[in-house]
Amino acid sequence: MQPKDLTDNEAFKGFTNSACPFLPCHKGVAREFNCLFCYCPLIAYECPGPYQTYTDANGLTRKDCSACTLPHDGYLQSWNFIQRWLEYPQPWSGKPQTDPPVRRPRPPKPTDADEIHRRRREAGAAGDSGD
Ligand code: SF4
């Protein structure tokens, strides 16, 4: 169990750095401006944000997230958005955003063979208990 499961205090889910000289760094944020994800955890993963791509000085393709408000718009909303997309993160392809935006990746459903292996492992572990 994570410590965050033990508290009703949700202050760790967001804050606004009012002293930051760049605030507001993304236009269009309607709710509290969440600075917690200033460096977006999804930068290296597939995401639904309206990013553009550019080539940096080292020749690498990168995301330009200037137009994205998803990690910033509301403390709880942006926290929940990031948590959902980190449930099954998939490395970014390096390609431009799709239209419509890429869907949230889901883990593959276990096959019957996976289930049989899982049951055998559990049965083997129970048999190893020395009872
Ligand atoms: S487009 Fe938005 S969600 Fe995607 S990496 Fe950039 S800031 Fe994060």
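## A tour from the hairpin outward

Start with the hairpin of β1 and β2: five residues lie between the two strands, and G59 in this hairpin has a positive phi near 85 degrees. Keep in mind throughout that the model is predicted.

**The two strands.** Select residues 52–55, which form strand β1; four bridges join β1 to β2, and the two strands run antiparallel.

**T61.** Stay on T61, which sits in strand β2, residues 61–64. Is T61 buried or exposed, or in between? T61 counts as partly exposed because 13 C-beta neighbours lie inside 10 Å, and a residue needs 20 or more to be buried and 12 or fewer to be exposed. Leaving out residues up to four places away in sequence, T61 touches T53, T55 and G94.

**Y51 and the core.** Go next to Y51. Which residues does Y51 contact, apart from its neighbours within four places in sequence? They are K63, D64, C65, C68 and Q97. Y51 also belongs to the largest nonpolar core, which has eight residues in all. To show the whole core, select Y51 together with C40, L42, C47, C68, L70, F81 and W85.

**The ligand.** Display the ligand and the residues around it: C40, L42, I43, C47, G49, Y51, K63, C65, C68, L70 and P71. How does this shell divide by residue type? Nine of its residues are nonpolar, one is polar and one is charged.

**R106.** Finish in the loop between α1 (75–85) and α2 (112–127), where R106 is found. Why does R106 count as exposed? The reason is its count of 9 C-beta neighbours inside 10 Å, since 12 or fewer makes a residue exposed. Last, select Y88 as well: Y88 and R106 are 18 residues apart in sequence, and the distance between them is 6.2 Å, C-alpha to C-alpha.

Terms used
Residues numbered from 1 in each chain as written. Predicted model: local features only at pLDDT ≥ 70, side-chain atom pairs only at ≥ 80, totals over all residues. Near = placed C-beta within 6 Å. Nonpolar A, V, L, I, M, F, W, Y, C, P; charged D, E, K, R; others polar. Contact = placed C-beta atoms within 7 Å. Core = buried A, V, L, I, M, F, W, Y, C linked by C-beta atoms within 7 Å. Pairing = 2+ DSSP bridges.
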